[in-house]
Amino acid sequence: MRAIFFKLFFWSGVGPLLIWINKRRKQVPIFLFHRVSSNWDMFTEPLSPSQFKNIIIFLRRFYKLESLKKLLKSKPNELKNTAYVVFDDAMLDFYESSLPILKEQNVPVTVFVATEPVTKGNTIWNYQLFDFFLNTLFTEFELEIDNNIYRFKKDRNYYQDVMVFHQKMLHKSPDEISKLFDFISKQLEVEEINNFAPVCSWSHLTQISNLEIDLQAHTHSHSYLPKQSAEVMNKEFSLSKKEIKTKIGIETAMIAYPNGGYNNQVIELARKYFSYGFSVDEKFVNLNRLNDPIYRMIIPRFNVHDQCAEEILLRTFGFHKMLRNIKSSIGL
């Protein structure tokens, strides 16, 4: 029913009109994806391959899907009908499920790579954390972290409780997270994780690069940068840039901030290593501002998690925010 509602509303004429208006304003969208897989899980909620293909075909009806490099090198008047597809994390399912569809549809893509999990052959820490909660046999348990007790029960609130805990973990440094994972593993009696969402290997990324797919940096360990020290941030930037150069010979000019997190210090340090930075501010790219030295370090993207293509576009135009405001105003 949800998908039917958004399809009917979009094709009533509202969707195409909003797209037309936005193109005239010289604003373009960057659509950020993470996972496309037939193996669904409650924490990452990947799109299925068929859903992803339908979304790409739908976007092509309204936009010319171009590369990020063209966005950053062309004049605004040359870009007003464009949109962009990017992936964060370089998951193995990108190589297995997304890439064949993008090649078939002739759609350019940029993939932002967190280098440490690639080298270690596992996955980013966020997914490792989810793996603990997916694989523990306990149905009810608690964890004491930093003198705070977090209680969990595998009921309808389990997802929300885990996500709240995940938000707390964003404040930790890479070393702190590593130590906490040893503790959590013992507490939940999960000695080995299933690695349900592995990342690509360097071999995979070399193959991807040979297909002229754009690979860029996503830090080293996927740390939430605003909560890190300057020393940790410099390490995150320098190692990611160095490893991508060493392993596959690419000189990266772009950085996507993990979880979209940035502040003034993040911007200033990132500028030492990269020419462009990408956030997840859920806004259109203002083509007239790309020469602004600060704006080009916080270029916004839309995080795609809806399964219905029409709903994705309506969300970018603020439809969901408008509905929430209406509900709030009438007390629902």
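Q: Does Ala90 count as buried or exposed?
A: In this predicted model, local features need pLDDT of at least 70, side-chain atom pairs count only at pLDDT 80 or more, and totals for chains, interfaces and linings use all residues. Residues are numbered from 1 along each chain as its sequence is written, and side-chain values use heavy atoms, without hydrogens and water. Buried means under 20% relative accessible area, exposed over 50% and partly exposed in between (1.4 Å probe, protein chains only). Ala90 has 1% relative accessibility and therefore counts as buried.

Q: What is the phi of Ala90, a residue other than glycine?
A: Ala90 lies in the loop between S4 and H4; helices (H or I, at least four residues) and strands (E, at least two) are DSSP runs, numbered from the N terminus. Most residues other than glycine have a negative phi. The phi of Ala90 is positive, near 55 degrees.

Q: What is the relative accessible area of Glu189?
A: Glu189 is found in the loop between helix H8 (174-187) and H9. Although Glu189 is not a glycine, its phi is positive, at about 55 degrees. Glu189 is exposed because its relative accessible area is 61%.

Q: At what angle do H4 and H9 pack?
A: Leu92, Phe94, Tyr95 and Leu99 of H4 make the contact with His204, Gln207 and Ile208 of H9, where contact means heavy atoms within 4.5 Å. The axes of H4 and helix H9 (residues 202-210), lines fitted to C-alpha atoms, lie 9 Å apart.

Q: How far apart are the axes of helix H1 and helix H2?
A: Phe10, Trp11, Pro16, Ile19 and Lys23 in H1 meet Phe58, Arg61 and Phe62 in H2. Helix H1 (residues 2-24) and helix H2 (residues 49-62) pack at an angle of about 60 degrees, and are therefore oblique to each other. The distance between their axes is 11 Å.

Q: Which exposed residues does H2 carry on the face turned away from its buried side?
A: The buried residues of H2 are Phe52, Ile55, Ile56, Phe58, Leu59 and Phe62. Because they cover an arc of only 165 degrees around the axis, they are on the same side of H2. Among the elements they pack against are H1, strand S2 (30-33) and helix H12 (309-316). The face turned away from that buried side carries Asn54 and Arg61.

Technical notes:
Axes fitted to C-alpha atoms, helices over the stretch in contact; angles between N-to-C directions. Parallel < 35°, antiparallel > 145°, perpendicular 65-115°, else oblique. Arc of directions from axis to C-beta.
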